[in-house]
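Here are my notes on the model, point by point.

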Amino acid sequence: RIVVAQGPGSYTGLRVAVATAKTLAYSLGIDLVGLSSLQALCDIEASGLVIPLIDARRQNVYVGFYEDGKLVSPERHASLVEVLDFAKTYPEVIFVGEAGKFRQEIEAALPQAKIIETLPSAGLLGSLGQSLPAVDIHAFVPNYLKRVEAEANWLKTHQENNSDDYIKRV
């Protein structure tokens with residue numbers, strides 16, 4: 001079984017990781033499972049709300065909100081201000097991942113919050129991946145939380161349709 005972390009990160013890097021995982025799973029004839037890169041940052045024992053952060057630049061983050069290992073609000077691309085406002089509704093909050101980059105802002109808004117810089121845990125991905133159903137290798141795609149800037153700019157002048165691919169063959 002191959003478990004691949006899919007989520008925020010380099011657009012190209014994520015595509016390469018998913019393509020590699022799909023190729024290995026197909027050629028070896030084994031199952032493929034995708035899990036969130038944000039969830040992979042949550043390998044800590046804690047009570048309260050665990051908020052994994054990945055820096056998305058310009059005071060924006062890729063963020064998830066986990067309580068007892070379960071997602072309580074959808075993972076998304078958000079401004080740090082939005083994340084801090086959401087976190088204020090919880091009495092115990094722990095920021096993980098690239099949270100150290102935002103230490104000043106977090107401490108100013110939530111002085112009681114804990115900040116623990118973590119890296120993605122392969123052990124956590126592996127253990128979580130064992131209990132999830134395999135996905136269709138050919139249909140598996142990365143889970144992007146935000147469109148890349150070039151695609152967003154293209155869509156400003158072109159109408160989005162339900163097609164999986166907006167490039168037309170000539």
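Leaving aside its neighbours within four places in sequence, which residues is Ser-121 in contact with?

1. Ser-121 first. Leaving out neighbours within four places in sequence, Ser-121 is in contact with Ala-40 and Asp-43, where contact means heavy atoms within 4.5 Å. Ser-121 lies in the loop between β7 (114-117) and α4, and its 13% relative accessibility makes it count as buried. The cut-offs used here are under 20% relative accessible area for buried, over 50% for exposed, and partly exposed in between, with a 1.4 Å probe and protein chains only. The side chains of Ser-121 and Asp-43 are also joined by a polar contact of 2.8 Å. That term stands for a pair of N or O atoms within 3.5 Å; within protein, one must be able to donate a hydrogen and the other to accept it, and residues adjacent in sequence count only if both atoms are side-chain atoms.

2. What you are looking at. This is a predicted model, in which local features need pLDDT of at least 70 and side-chain atom pairs count only at pLDDT 80 or more, while totals for chains, interfaces and linings use all residues. Residues are numbered from 1 along each chain as its sequence is written, and side-chain values use heavy atoms, with hydrogens and water left out.

3. Overall layout. The chain has 5 helices and 7 strands, running β-α-β-β-β-β-α-β-α-β-α-α from the N terminus. Both kinds of element are DSSP runs numbered from the N terminus: helices are H or I with at least four residues, strands are E with at least two. Of the 170 residues, 37% are buried. Among contacts between residues at least 6 apart in sequence, 56% join residues at least 24 apart. The accessible surface comes to about 10,400 Å², with 52% of it belonging to carbon and sulfur atoms; areas come from the Shrake-Rupley method with a 1.4 Å probe, and for residues only the protein chains shown count as cover.

4. Helix α4. Which residues of helix α4 (residues 122-130) are buried? They are Leu-124, Leu-125 and Gly-129. Looking down the α4 axis, these fall within an arc of 125 degrees, so they line one face of the helix; the arc is taken over the directions from the helix axis to the C-beta atoms. The buried residues of α4 pack against β1 (2-6) and β2 (32-36). On the other side, Gly-123 and Gln-130 are exposed.

5. Helix α2. Here the buried residues are Leu-80, Val-83, Leu-84 and Ala-87. Their arc, seen down the axis of α2, is within 95 degrees, so they too line one face of their helix. They pack against β3 (49-55), β4, β5, β6 (93-97) and α3 (103-109).

6. Aromatics. The structure holds 2 aromatic pairs. Rings of Phe, Tyr and Trp (its six-membered ring) pair if their centres lie within 6.5 Å; planes under 30 degrees apart count as stacked, over 60 as edge-to-face and the rest as tilted. Phe-65 and Phe-86 have ring centres 4.4 Å apart and planes at 50 degrees, so this pair is tilted. Phe-65 lies in strand β4 (residues 60-67) and Phe-86 in helix α2 (residues 80-87), so the pair ties together parts that are 21 residues apart in sequence. Phe-65 is buried at 1% relative accessibility, whereas Phe-86 is partly exposed at 24%. Phe-86 also forms a tilted pair with Tyr-90, 5.8 Å centre to centre with 40 degrees between the planes.

7. Two backbone angles to check. Most residues other than glycine have a negative phi. Gln-59, although not a glycine, has a positive phi of about 60 degrees. Gln-59 sits in the loop between β3 and β4 and is partly exposed, with a relative accessible area of 41%. Asp-68 is not a glycine either, and has a positive phi of about 55 degrees.

8. More on Asp-68. Asp-68 is found in the loop between β4 and β5 (70-79) and counts as exposed at 64% relative accessibility. The C-alpha atoms of Asp-68 and Ser-47 are separated by 7.0 Å, with the two residues 21 apart along the chain.
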